Amino acid sequence: MDKVFTKPITKQFEFDEDVAVVFDDMLERSIPFYKEVVDLTCKTICHHVKEGAQIVDLGCSTANTLLALHKQSDKSYHLLGIDNAEAMLNLARQKVHAYGASVEFVQADMTHVDLGSKDAIIANYMLQFIRPLQRADFVAKIYQALNPNGLFVFSEKIVFEDKELNKQMIDLYYDFKRQQGYSEFEIAQKREALENVLIPYTEEENKAMLKNAGFSTIETIFKWGNFATFIAKKKV
Ligand SMILES: C[S@@+](CC[C@H](N)C(=O)[O-])C[C@H]1O[C@@H](n2cnc3c(N)ncnc32)[C@H](O)[C@@H]1O
Ligand SMILES: O=C(O)C(=O)C[C@]1(C(=O)O)C=C[C@H](O)C=C1
């Protein structure tokens with residue numbers, strides 16, 4: 001079990017070496033239905049795109065979703081993972097090598113990368129780390145990078161407009177963390193470390209941002225409390 005927040009923290013949350021080595025465990029214990037979301041993301045994309053499709057995973061971390069795409073599909077895709085954390089990409093490369101998958105990785109701040117033209121773009125639990133001032137522009141860049149009929153699948157931690165409902169959902173989420181073995185101290189420390197680093201929007205704000213970027217169909221395809229997965233299509 002990851003022990004990242006068992007000691008007093010000295011800095012804001014970072015995707016560094018200490019986090020990367022325990023990250024798969026941290027993800028499964030910190031994101032409700034993480035494995036199901038990876039599966040849903042892959043199945044949705046595999047259904048939608050054709051053989052030879054160009055697919056990019058923004059904030060791919062240790063490449064769980066790219067590997068699932070490689071394992072699940074009988075079609076072959078051009079898979080690209082972008083992340084700015086070197087420690088994450090080192091693990092991603094090791095895993096991809098072990099599974100004999102063909103995946104290209106780029107280590108860069110994704111807001112500065114030319115995304116080229118893609119048939120599907122994935123961004124699971126990633127937009128929430130892009131500064132609000134840059135986020136809408138970045139989503140517009142994602143829209144521009146998609147080919148006609150392209151698909152954008154993304155997941156986010158979300159907040160609720162109603163204060164009482166918001167608090168209840170956060171409490172429910174902390175219960176989930178306790179059930180996963182995290183202590184009160186670890187929960188409090190991580191909350192503090194993520195303050196002003198992870199900035200969640202409401203479900204409506206996310207959808208409005210997508211609509212403003214030009215996406216037509218925008219749907220929530222999974223939701224558990226304060227976590228949601230969305231799909232958005234670019235018009236033909
Ligand atoms: C919560 S993790 C994403 C989890 C991953 N998508 C998955 O489903 O397993 C967020 C990732 O985004 C990366 N990241 C955050 N901001 C970034 C940026 N501006 N450019 C590139 N990567 C970024 C972090 O390094 C981290 O690996
Ligand atoms: O632990 C939390 O509070 C989270 O929000 C989980 C979350 C995320 O949603 O991106 C935050 C940081 C990473 O450890 C992985 C997942």
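Helices (H or I, at least four residues) and strands (E, at least two) are DSSP runs, numbered here from the N terminus. This is a predicted model, in which local features need pLDDT of at least 70 and side-chain atom pairs count only at pLDDT 80 or more, while totals for chains, interfaces and linings use all residues. Residues are numbered from 1 along each chain as its sequence is written, and chains are lettered from A and ligands numbered from 1 in the order in which they are written.

**Stop one: ligand 2**

Select ligand 2 and then the residues that surround it, M26, L27, S30, I31, Y125, K157, K190, L194 and L198; a residue counts as near a molecule if its C-beta atom, placed from the backbone, lies within 6 Å of it. Helix 2 (23-30) and helix 8 (184-194) each supply at least two residues of this shell, and the largest share, three residues, comes from helix 2. By type, the shell around ligand 2 divides into six nonpolar, one polar and two charged residues, where Ala, Val, Leu, Ile, Met, Phe, Trp, Tyr, Cys and Pro count as nonpolar, Asp, Glu, Lys and Arg as charged, and the others, Gly among them, as polar.

**Stop three: the annotated positions**

Now select Y34, G59, C60, S61, D83, N84, N124 and R191, which an unreviewed UniProt entry annotates as "binding site". They span 158 residues in sequence, and the farthest two C-alpha atoms are 22.8 Å apart, so they do not all gather at one spot. UniProt positions are given in the numbering used here, feature names are shortened, and annotations may be inferred rather than shown by experiment.

Of these positions, zoom in on Y34, whose place is in helix 3 (residues 34-48). Is Y34 buried or partly exposed? With 19 other C-beta atoms within 10 Å, Y34 is partly exposed, because a residue is buried at 20 or more such atoms, exposed at 12 or fewer, and partly exposed in between, with C-beta atoms placed from the backbone.

Finish at G59, in the loop between strand 1 (54-58) and helix 4 (64-72). G59 is buried, with 23 other C-beta atoms within 10 Å.
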